[in-house]
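Welcome, and thank you for opening the viewer. Please keep the selection tool at hand while we walk from one stop to the next.

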Amino acid sequence: MKITFIGSSTCIPDLKYETASFVINGKHLVDTGWNAVLKMREYSIEPLSIKSLIITHLHQDHYIGLPQFLFYMGLKKRTEALHIIGPKEHLMQVVNSAFDFLQISRFPELEVSSLLVPLSPGQTFEEEELHFSTCAAKHVSGSGAPENALAYKVIESTTKKSFAFTGDTSFHPPIAEFAKGLPLLIHDAAHTSPKDAARIAKMAEVERLFLIHYSQERASSVLEEAQEVFENSFLAREGETIEL
Ligand SMILES: [Zn+2]
Ligand SMILES: [Zn+2]
């Protein structure tokens, strides 16, 4: 199983660096930051080869690239349905808004077929070679309103390789239970301190921790803080592919 980071930065991306987002096996995109289409192309992933979009939660920095992504597919005459998966609250609203923004009723030639998979925490689903399970993350918006955010566990059916990832979350021990014993955990470092993300990795006894959604300017101290608690901590680096 291959994971390519197309962005690892904060909600306002650092110059040259994209918001947290990655692609699994070249065809399953997790979240769409500001420039997902351009970043995929920069890192040699053709956006048309994306079969499913997995959204961790419906905050803007995790879906703001959706209209561009749909526009690209519309221009390229994609016929295959794009599966769009995410927390059931607001998923349809956000996807419909993206199509409305593209004025699909006025430009029907840009229509892209999509299949929505709305999820509640604890639900599972299959996407081609991957089996996904979910658990609730713990996340609030800037105004303090609770957000329905998911963490996901992925198992590749052919190889049985697996890993887990969070979207935005604060320190939330159930995530350690959810990721128990996995080879890899990709964890938010914007809403959890690097130390606390490392505590989750340690409690989960994962083999490796990759931090994502961190300020590129603070990268070296983010890594140091995490490694003090959990030695096998790494930074998700934009453009890097890791293999399991
Ligand atoms: Zn975020
Ligand atoms: Zn968020």
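**Stop one: a pair of helices**

Helix 2 passes helix 3 in a right-handed crossing; a crossing is right-handed if the near helix is turned clockwise from the far one by less than a right angle, and left-handed if anticlockwise. Before going further, note that this is a predicted model, in which local features need pLDDT of at least 70, side-chain atom pairs count only at pLDDT 80 or more, and totals for chains, interfaces and linings use all residues. Residues are numbered from 1 along each chain as its sequence is written, while chains are lettered from A and ligands numbered from 1 in the order in which they are written.

Helices (H or I, at least four residues) and strands (E, at least two) are DSSP runs, numbered from the N terminus. Select residues 66-75 for helix 2, and you will find its axis 9 Å from that of helix 3, at an angle of about 60°. Axes here are lines fitted to C-alpha atoms, for helices over the stretch in contact, and angles run from 0 to 180 degrees between N-to-C directions. The two helices are therefore oblique to each other (under 35 degrees counts as roughly parallel, over 145 as roughly antiparallel, 65 to 115 as roughly perpendicular and the rest as oblique).

Which residues of helix 2 meet helix 3? Show Leu66, Pro67 and Leu70, which meet Ala98, Phe99 and Phe101 in helix 3; residues are in contact if their C-beta atoms, placed from the backbone, lie within 7 Å. The residues of this contact divide into 6 nonpolar, no polar and no charged (Ala, Val, Leu, Ile, Met, Phe, Trp, Tyr, Cys and Pro count as nonpolar, Asp, Glu, Lys and Arg as charged, and the others, Gly among them, as polar).

Now color the open sheet of 7 strands in the order 6-5-4-3-2-1-16, which has mixed pairing; strands pair if DSSP finds at least two bridges between them. Strand 6 (114-119) and strand 16 (241-243) stand at the edges, each with a single partner strand, so one side of each is left without a neighbour in the sheet. The twist averages 20° from one strand to the next.

Select residues 2-7, which form strand 1: 5 of the 6 residues are buried, so this strand is largely enclosed by the rest of the structure (buried means 20 or more other C-beta atoms within 10 Å of a residue's own, exposed 12 or fewer, partly exposed in between, with C-beta atoms placed from the backbone). Strand 1 pairs with strand 16 in the antiparallel sense over 3 bridges, and isoleucine 3 stands opposite isoleucine 242. Strand 1 also runs antiparallel to strand 2 (residues 21-24), joined by 4 bridges, with threonine 4 and valine 23 as bridge partners.

Next, show the open sheet with the order 7-8-11-12-13-14-15. Its edge strands are strand 7 and strand 15 (233-235), each pairing on one side only.

Zoom in on the hairpin of strand 7 and strand 8, where 2 residues lie between the strands and glutamate 128 takes a positive phi near 50°. Phenylalanine 125 has phenylalanine 132 in strand 8 as its bridge partner.

Finish at strand 13 (residues 184-188) and strand 14 (residues 208-212), which pair in the parallel sense over 5 bridges. Helix 5 (residues 194-204) lies across strand 13, strand 14 and strand 15, running at about 155° to strand 13.

Note on methods. Two residues are in contact if their C-beta atoms, placed from the backbone, lie within 7 Å.
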